[in-house]
Amino acid sequence: MMFVDGQCRKGFFMGVSIRYRLPAAAFGAVLAGVATVAPAPAAAARTAQTWQVAALPPLAPASRLVDVSATGRDDAWAVGLQGSTYGGPAPARPYALMHWDGGTWSQRSLPENIGTLYGVSARSATDAWTVGADGTQAAYAAHWNGTAWQGYRPLGGVPGGASVLFDVAATGGRPVFAGAESSHALVVEWDGQQFTRVPLPGSDAWYGVFYGAATAPDGAAFAVGAWSVDDAPYPEPMIAQRIGTTWRLATLPKITSARLLGVWAGSAGNAWAVGTIDYDSAPKPLILHWDGSSWRQVASPTPAGSLTAVAGDAAGNLWVSGNNPIPPWILYPGSLFLRYQAGQWSTVYGPKANNEDPALSAVANVPGTSGFWSVGAVYDPVGGYTAIIERIRG
């Protein structure tokens, strides 16, 4: 969300990154300030600082990157927006599309000047997808074939934000797109020729939206988000999953005032979803794990903060991106990450930038390595916010 009017997916509000915004029509609540949290994370939970600032891309002022995907050491994509100042002139190029070639990050162009990019997923150097919204706020998708991007209107080009795609997962099996249509959670699949809306019995019972999607090497697929069960003023988590050939809504623990924002799948029997409880007051991390038979909530190593995305490597090690609660009572040492290794969770802090804590929106493994990319934004005294790219080598 870039804005707090319910129209965008990722962004910042009162100094805290909020990766996704529930559609106003769905949940009817405008985000308020985020409360400070008095107890600081335990010092023992902090591990050595291994993340580094890789780049502050030279995008237009008020920029941020909201998703990242890599296919190897010398190929990665990051997407987002730039020039998103309130009340200012419309930027000549509102979307951000960055490519890593192994040496530098550089801007790339789409075949048309759309509005914002929300998600990206790359299977190989010649096969990548990104999703966003065009200038009319119609759902937009584009495919990279190694030479050029080709644009699509997967939901028919309906303007005004009535339908939206927030994420895409294309690394295993057929590409899966997640979002909402007419304020109900939506999953779309691409079969190589056309986009097809996936039937999800029960998903139209309440207003809802999917924010994140993941596919596993064995073809399993997951979409995560939130819905307003019983028309409650605050949502609870929602997950759809495809194990085999059939999609269904998952049975989840009852968690109110919460939403899931990111998901990673290692296989049909191993998936992780992350998000935030009490996201508009005193945010607390939310972690769920799928073991092939049920979803269960897992304790977080830090009591406060917002979680935005999760990714794993081939060995099953995980990194979760997020952001800290607002100071002034607590001064955090940098960007917030959670790490899962050898069956244990720990809290890890990346570096500061501009003497501020970056708020990170996404994290992605570099296949074939234990390295990861993470993207987001950090406060900039000149431009308000500026995009940031962090990395941990492996």
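Helices (H or I, at least four residues) and strands (E, at least two) are DSSP runs, numbered from the N terminus. This is a predicted model, where local features need pLDDT of at least 70, side-chain atom pairs count only at pLDDT 80 or more, and totals for chains, interfaces and linings use all residues. Residues are numbered from 1 along each chain as its sequence is written, and side-chain values use heavy atoms, with hydrogens and water left out.

**Exercise 1.** Work out what the secondary structure of the protein comes to.

**Exercise 2.** Find which residues touch the most other members in the largest nonpolar core.

*Solution.* Start with the rule: a nonpolar core is a set of buried (under 20% relative accessible area, 1.4 Å probe, protein chains only) Ala, Val, Leu, Ile, Met, Phe, Trp, Tyr and Cys residues joined through side-chain atoms within 4.5 Å. The largest one has 19 residues, and Phe-222, Ile-239, Leu-260, Ala-273, Leu-286, Leu-288 and Trp-295 touch the most other members. Next, look at the elements: strands S17 (221-227), S20 (258-267), S21 (270-277) and S22 (284-290) each give two or more residues. S20 gives the most, with four.

**Exercise 3.** Classify the aromatic pair of Trp-51 and Phe-337.

*Solution.* Rings of Phe, Tyr and Trp (its six-membered ring) pair if their centres lie within 6.5 Å; planes under 30 degrees apart count as stacked, over 60 as edge-to-face and the rest as tilted. Now place the partners: Trp-51 is in the loop between helix H1 (24-27) and strand S3 (52-55), while Phe-337 is in strand S26 (residues 336-341), 286 residues apart.

Conventions: Buried means under 20% relative accessible area, exposed over 50%, partly exposed in between (1.4 Å probe, protein chains only).
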